[in-house]
Amino acid sequence: MAEIQWNKLGAYLKETQILGSIQSTLYWDQNTGMPRKGATWRSEQLTYIAKVLHERNSSEELSNLIRSAKDELLDTERNTDNQFFIKDKERNIHLLLKEFNREKNLDPKLVESLAKAKSKGYESWQEAKKKSDFKIFLPFFEELVKLRIEEAKQIPDQYSPWETLAQPFEPELTLKWLNKMFQPLKETIPELIRGIKQSKKIHWDLSPESQQDLCSKLLDEFGRDKDIVVVGKSPHPFSITLGPNDYRITTRIVEGEPLSSFLATAHEWGHSIYEQGLPSQSHQWFAWPLGQATSMGIHESQSLFWENRIVKSKSFSKRFFKKFVSAGCSLNKSSELWKSINHLEAGLNRVEADELTYGLHILIRTELEIDLIERGLPAKDIPGEWNKRYDQLLGIKPSNDSEGCLQDVHWSEGAFGYFPSYLLGHLISAQISTQMEKDIGLIDNLIENGEYQKIINWLKNNIHKYGRSVNSMELVRTVTNEELSPQYFIDHLSSKINDFI
């Protein structure tokens, strides 16, 4: 049967996605190559595209196209036995309607104001971080908080304001469920930290050129295709997809931290390989919902898998040690490299944090966000609250704003509700790693034999291929035959600590 209405909707979505990828390309350039004084014009560009995208995503034309495609699909359903084909299409329609209803309730003026505030927020955050002065960022931050609260009010759903803002990152997330996942970690991790036998950190370094070369070798080891994956530098590492066969990742060199860019590269590779493995059937990719990631928690599980389960494994240190020595590493044996990569110590920086303390960084940010959005915490109190909570949970205190509340980019872009995905990613990664080992053998053995493609194939067939056909918790159940549990991650952390004793 002809799919006239379906194809019309697909053409509309493709045009919208082209505009979205132009927006992403401008964002990539803003972070990697744009001169500082180009910020004002870039703000105009991004605001204009945000306005056009909102118009397209909330237009009467789109509403009619979705309705016509849905009617056509119902007619097709009565005349076909291919239920898998129908199920995928129904899911696409369901997700499109959900997103359309969210968009149509937003005031276009609010969308414009948010786009401007995000661009100005990012610019002011960079300056504030450089000068370690939160007051520079404060007025822009206050504006972003105010606008995001207004956005939550304009979207009619069953969620609280913070939950509403979290939905695009983690669909169906609630504070009650999140507390059930996070409370055991808040109770367990500080106790595990107290049980660490502090080992002296071995100080060594590599030149920026050597670090860059090692990052390139790492991606080659993992099997990257240079024709579709490009690497750049940015103040904050990230991964972004600009179009089919156009995947970008960034890293940064941190002075005195020879493993920072290496681990960041592994992390961003995990994001990128997930994007590369998403459904590629013509009716899904690139514009349809099913061709997209199901949630940021699943996305983070993929990046954390490559960073923590692969690069932080003993087998990887053995396999890659000679390359580090060739690059100028002063360590004497692979076990020293493994201990350097896995050094467990409470630190101020989230991105540089070890697996054990990382979760507390996320818990602090999540609780601060909820207090800002739902409990009236004044934005000006953030530096003091941040420092107090770091002292309470990690036993350390930032000496300035730059190493404290200004270290992350997310709030400068108004991305409230994003941070929990990082910690959920740890939980998901731990649980699916256990299942992977049941299915294809110990991860350490696979790394030792350089069988990265076997690992990628398992991830593609069990995680990547689903796209948004299921939500994140359904996916976890499908792969592991049980609900998500924090216990797998707690067990993994306990095991790692035992390795150091």
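**Note on the predicted model**

1. The protein chain exposes about 22,300 Å², of which carbon and sulfur atoms supply 48%; accessible areas come from the Shrake-Rupley method with a 1.4 Å probe, and for residues only the protein chains shown count as cover. This is a predicted model, in which local features need pLDDT of at least 70 and side-chain atom pairs count only at pLDDT 80 or more, whereas totals for chains, interfaces and linings use all residues. Residues are numbered from 1 along each chain as its sequence is written, and side-chain values use heavy atoms, with hydrogens and water left out.

2. Overall form. The protein chain contains 20 helices and three strands (DSSP runs numbered from the N terminus: helices are H or I with at least four residues, strands are E with at least two). Its radius of gyration is 23 Å, close to the 23 Å that the globule rule gives for 501 residues, so the chain is as compact as a globular protein of that length. The radius is taken over C-alpha atoms, and the globule rule is 2.2 Å times the number of residues to the power 0.38. The C-alpha trace spans about 70 × 50 × 45 Å along its principal axes.

3. Burial and contacts. Of the 501 residues in the protein chain, 55% are buried (buried means under 20% relative accessible area, exposed over 50%, partly exposed in between, with a 1.4 Å probe and protein chains only). Among contacts between residues at least 6 apart in sequence, 74% join residues at least 24 apart; contact means heavy atoms within 4.5 Å.

4. Charge. The protein chain carries 63 positive and 71 negative side chains, and the centres of the two sets lie 2 Å apart. Lys and Arg count as positive and Asp and Glu as negative, while His and the chain ends are not counted; the place of a charge is NZ of Lys, CZ of Arg, CG of Asp or CD of Glu.

5. Cysteines. The count of disulfides is zero, a disulfide being a pair of cysteine sulfur atoms within 2.5 Å. For Cys 215, the closest cysteine sulfur is that of Cys 329, at 14 Å, which is too far for a bond. Cys 215 is buried at a relative accessible area of 5%, and Cys 405 is buried at 7%.

6. Serines of helix 5. Ser 119 lies in helix 5, residues 108-131, and is buried with a relative accessible area of 8%. Neighbours within four places in sequence aside, Ser 119 is in contact with Gln 30, Ala 39, Arg 42, Ser 43 and Leu 46. Ser 124 is also in helix 5 and is buried at 5% relative accessibility. With the corresponding neighbours left aside, Ser 124 is in contact with Ile 136, Phe 137 and Phe 140. The C-alpha atoms of Ser 124 and Phe 141, 17 residues apart along the chain, are separated by 9.1 Å. Ser 113, in helix 5, is partly exposed at 31%; its C-alpha atom is 9.4 Å from that of Glu 143, 30 residues away along the chain.

7. Ser 132 is not a glycine, yet has a positive phi of about 50°. Ser 132 sits in the loop between helix 5 and helix 6 (134-154) and is partly exposed, with a relative accessible area of 23%. Asn 481, likewise not a glycine, has a positive phi of about 65°. Asn 481 belongs to the loop between helix 19 (472-480) and helix 20 (487-500) and is exposed at 68% relative accessibility.
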